[in-house]
Amino acid sequence: MLPPAVTIDDPRALAAAVQRLRGADRIAIDTESNSLHAYRGRTCLIQLSTPAEDLLIDPLAIADISALAPVLADPAIEKTFHAAEYDLICLKRDFDFDVRNIFDTMAAARVCGIQRIGLGNMLEDLLGVRHSKKHQKYDWARRPLPESVRRYAQVDTHYLLPLRAALIERLQSLDRLEEAREYIADVTRFEPQSEEFDPNGFWRLAPPKALNRPEIAVLRELYILRDELAKSVDHPPPRLIPNKALLQIVKMQPRSAEYLYDIRGLPAWLVRQSGDEIVEAVKHGRASRLPVKRPRPKPVPAPVAERYTALHNWRKATANARGVESDVIISRRALWDIARRKPASVAELSDICGLGPWRRATYGAELVAIVRGGGQQR
């Protein structure tokens, strides 16, 4: 049984915790948000662990947690996450935190060729620790947090540092530590995305040739209405009306709200409250005379496409030989950059994002040979 985590829910306790964290060489971090339960999710809990203690920081109780910023930005303190990307997005979005010196246990596991990379699986397989994920979809904005939920959150970081140590040992035995550091830097580098509603996002739900033009016009109206309804009740749009339900309404095109009760996944309370609005959106879409055409990507020149195919085949063969997923070798984005630029030397690879020193030294000559037409394409 773990000792209870320390709850940090006032500025004085946060200041004291920060002083303790400043003395750590490395800390483990995780966050919990309510993105499954709100129109715009927010960070509701930050878990931090050192070898000495586990902390649960409550940003809903503390108006200003900026005291934590220097610790997260300190390059002398390594921060261990599991699947860091979403945590980093939340920390940046909600608190403008910059996190430096990151170790990601999921990314490290992928470099090792480990197949079961969920945190629960890795804790069990590498450390013999069982960790139930039954609270994975909990609404973390609810207060007070039950003891079982607090314990679940604590476990998410309590074992991360021992897990890190096990992965470091494996990476060193495989001579892949430098590769892992470079790969982690790549997968934890991100550009903040706008959370503003995109009225053209409906195209992602319309399979090519599955809908005719009038149906696409109806989908557009329903997609916009769904966002408005979700915002009004503070609910994630895809959980208020699932995408499959939205497409079913498009196909059915009901002329009265009573037919909506037959749509699987469409809540009855929503039909009672907003059924007439949904039917009106269908009607408006049917009557629309606006042109609705699927956006077409800019065509790729044939020589670029041929170089990309050769690079893609090389990457797949290299990954199979290594026993890892293809993107661990090089990202698809980097492959496209190489194909477009057609570098004449390894030095010309240096400004391509995703090709750090280790990859250039290991794969650079092969990549240049392939795009110049003289390399083995496997």
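User: What should I know about the model before I start?

Analyst: The model is predicted, so local features need pLDDT of at least 70 and side-chain atom pairs count only at pLDDT 80 or more, while totals for chains, interfaces and linings use all residues. Residues are numbered from 1 along each chain as its sequence is written, and side-chain values use heavy atoms, with hydrogens and water left out.

User: How many of the residues of helix H4 are buried?

Analyst: Buried means under 20% relative accessible area, exposed over 50%, and partly exposed in between, using a 1.4 Å probe and protein chains only. Helices are DSSP runs of H or I with at least four residues, numbered from the N terminus. In H4 (residues 105-112), seven of the eight residues are buried, so the helix is largely enclosed by the rest of the structure; among them are Thr105, Arg110 and Cys112.

User: Which residue meets arginine 110 in a salt bridge?

Analyst: Side chains of opposite charge can pair when their charged atoms come close. A salt bridge is a side-chain nitrogen of Lys or Arg within 4 Å of a carboxyl oxygen of Asp or Glu, and by this rule the count comes to 23. Arginine 110 pairs with aspartate 327, at 2.7 Å from N to O; arginine 110 lies in helix H4 and aspartate 327 in helix H14 (residues 326-329), 217 residues apart. Arginine 110 counts as buried at 18% relative accessibility, whereas aspartate 327 is partly exposed at 31%.

Key. Helices (H or I, at least four residues) and strands (E, at least two) are DSSP runs, numbered from the N terminus.
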